Amino acid sequence: MTHSEKHRANSFDSHDKLARLRNEFHIPSNTIYLDGNSLGLLSHRVQERVTQTLQHEWGNDVITSWNKHNWINLPITVGDKIGRLIGAPEGHTVCCDSTSINLFKVLNAALQINAGRTEVLSTEDNFPTDLYMVQGLQQMLGDRCTLRLVPEAELLHSISSDTAVVLATEVNFRTGRRLNLAKLSEQARKQGALTIIDLAHSAGAMPVELHKHDIDFAVGCTYKYLNAGPGAPAFLYVAQRHLEKHSKPLQPLFGWLGHAEPFAFSVDYAPAQGIRQFITGTPPILALAALDAALDIFEGADMADVRAKSIGLSEYWLERMAAEEVLAKMPSISPAEPKERGSQLAFEHENAFAICQALIAKGVIADFRAPKYLRIGFSPLYNTYTEVEQAVAALADIVHNRHYEREEFQQRSAVT
Ligand SMILES: *Cc1c(COP(=O)(O)O)cnc(C)c1O
């Protein structure tokens, strides 16, 4: 790395509108963290809020906290905070369960609404849990649910008058390719199909406009770009038209806290009004408190600035990789056009796993995705241009000097 390049990175950082937000986070020492697309960093607010919830709310106020600290409504109030980041009007987003479970609920709802049709249309390289949840539902519903998989590039043109629901992830977890939701939704509507969008790699990384694009359902994670912590509760969005009266409950997991009157303890299930019916059981308060605090950081960030910085960091990464002559040795599998990408890049190399391990040994945390991709995630709230410059220099050293061939970088653990 040259002196002038350091200078350049530094100058980009000094013009960064979001630079102050990095101070919100606990940055592990001697670490360049480029894995916020898998597990976002801990923030000071989250740490303080969880401690307070433990000591004051649970510790002192114990069960009275359900009312006194409004625990009972946290899935809804936190849902609305996420709603602001994904273009959802109030009362249409709830925070509960995992993304996988929420997918199950909305898939069932969509198939019920579009009952004359059975086809769930998705992409071959969608995130596996999305496809598994359809397969599980298929086992329950038999021939009322069929799964049709097409290559991502053919999705738009494969929507037909047989399609009940299009199940798509906005940003591909491997390649980072971003779908055009406006076009997808328009085409689905034309064919009478509903849409379920997985926002796992979108929420908190870029502006999302669910209402504007007329999306029917959405789900997503909060432990990635939303920085709410490992296994933090997921979210679920439902368009207004589907929250209006239905003859049957929309989601199949009838739980008491999705009941119209949970404390009447009646024998028969009756769904609550609105988005609340998508809740199943007791909310995980500690995890929701963490998420609530993590979302407050976004109040100081314009999502257009977040997106601009995400593109800035990614483009700078690509520029540095080309300049260091590593890009030719491990080509990008992500779209060249920034607007067709999410907030990550992926590179192909036969030894991607060992390269990733060698990076980690140098304090650069990225991740590996089978079979041969190195994935770099950019979290605009805390990553810097200086980190990009340093990380690419480390990568260049590993690749040019073949450090990845060392025995110590070949061992695989349970989580890769
Ligand atoms: C990370 C991710 C998930 C994870 O689902 P969980 O139920 O939270 O484990 C789902 N879908 C996509 C597209 C993801 O990237």
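This is a predicted model: local features need pLDDT of at least 70, side-chain atom pairs count only at pLDDT 80 or more; totals for chains, interfaces and linings use all residues.
## Ligand site

The shell around the ligand comprises 13 residues, of which Ser100, Asp198, His201, Tyr223 and Lys224 come nearest. By class, this shell has four nonpolar, six polar and three charged residues.

For Asp198, the distance to a nitrogen atom of the ligand is 2.8 Å. For Asp130, the distance to a ligand nitrogen atom is 3.3 Å. The side chain of Tyr223 lies 2.8 Å from an oxygen atom of the ligand. On its own the ligand has 390 Å² of accessible area, and the protein covers 86% of it. Two or more residues of the shell come from each of helix H5 (99-113) and helix H6 (128-141).

Asn172 is located in the loop that runs between strand S5 (163-169) and helix H8 (181-190). Its relative accessibility is 3%, and because buried means under 20%, Asn172 counts as buried.

The side chain of Asn172 forms a polar contact of 3.0 Å with the side chain of Asp125. When residues up to four places away in sequence are set aside, Asn172 touches Asp125, Glu152, Arg177 and Gln344.

## Phe347 in strand S9

Phe347 belongs to strand S9 (residues 344-348). The relative accessible area of Phe347 is 0%, so this residue is buried.

Beyond its neighbours within four places in sequence, Phe347 is in contact with Trp317, Leu318, Met321, Leu327, Met330, Pro331, Ser332, Lys372, Tyr373, Leu374 and Ile376.

Helix H12 (residues 352-361) is mostly covered, with seven of its ten residues buried. These are Ala352, Phe353, Ala354, Ile355, Cys356, Ala358 and Leu359. The buried residues of H12 pack against strand S10 (364-365), strand S11 (367-369), strand S12 (373-377) and helix H13 (385-400).

After H12 comes Gly363, which has a positive phi near 85°. Further along, Ala370 and Pro371 are joined by a cis peptide bond with omega at about 0°. Pro371 is placed in the loop between S11 and S12.

## Aromatic pairs

A pair of aromatic rings is described by the distance of the centres and the angle of the planes. The structure holds twelve such pairs. In the pair of Phe12 and Tyr385, the ring centres are 5.2 Å apart and the planes stand at 55°, so the pair is tilted. This pair connects distant parts of the chain, since Phe12 is in helix H1 (residues 3-14) and Tyr385 is in helix H13, 373 residues apart. Phe12 is partly exposed at 30% relative accessibility, whereas Tyr385 is buried with a relative accessible area of 11%.

Trp256 and Phe265 form a stacked pair, with 6.0 Å from centre to centre and 20° between the planes. Trp256 has 38% relative accessibility and therefore counts as partly exposed. Phe265, at 59% relative accessibility, counts as exposed. Ring pairs also link Phe12, Tyr316 and Tyr385 into a cluster.

## Positive phi outside glycine

Asn30, a residue other than glycine, has a positive phi near 50°. Asn30 is found in the loop between H1 and strand S1 (32-33). With a relative accessible area of 75%, Asn30 is exposed.

Asp214 is likewise not a glycine, and its phi is positive at about 60°. The position of Asp214 is in the loop between strand S6 (194-198) and strand S7 (217-220). The relative accessible area of Asp214 is 29%, so this residue is partly exposed.

Conventions: Residues are numbered from 1 along each chain as its sequence is written. Side-chain values use heavy atoms; hydrogens and water are left out. Helices (H or I, at least four residues) and strands (E, at least two) are DSSP runs, numbered from the N terminus. Buried means under 20% relative accessible area, exposed over 50%, partly exposed in between (1.4 Å probe, protein chains only). A polar contact is a pair of N or O atoms within 3.5 Å; within protein, one must be able to donate a hydrogen and the other to accept it, and residues adjacent in sequence count only if both atoms are side-chain atoms. Contact means heavy atoms within 4.5 Å. A residue is near a molecule or strand if one of its heavy atoms lies within 4 Å of it. Accessible areas come from the Shrake-Rupley method with a 1.4 Å probe; for residues, only the protein chains shown count as cover. Ala, Val, Leu, Ile, Met, Phe, Trp, Tyr, Cys and Pro count as nonpolar, Asp, Glu, Lys and Arg as charged, and the others, Gly among them, as polar. Rings of Phe, Tyr and Trp (its six-membered ring) pair if their centres lie within 6.5 Å; planes under 30 degrees apart count as stacked, over 60 as edge-to-face and the rest as tilted.
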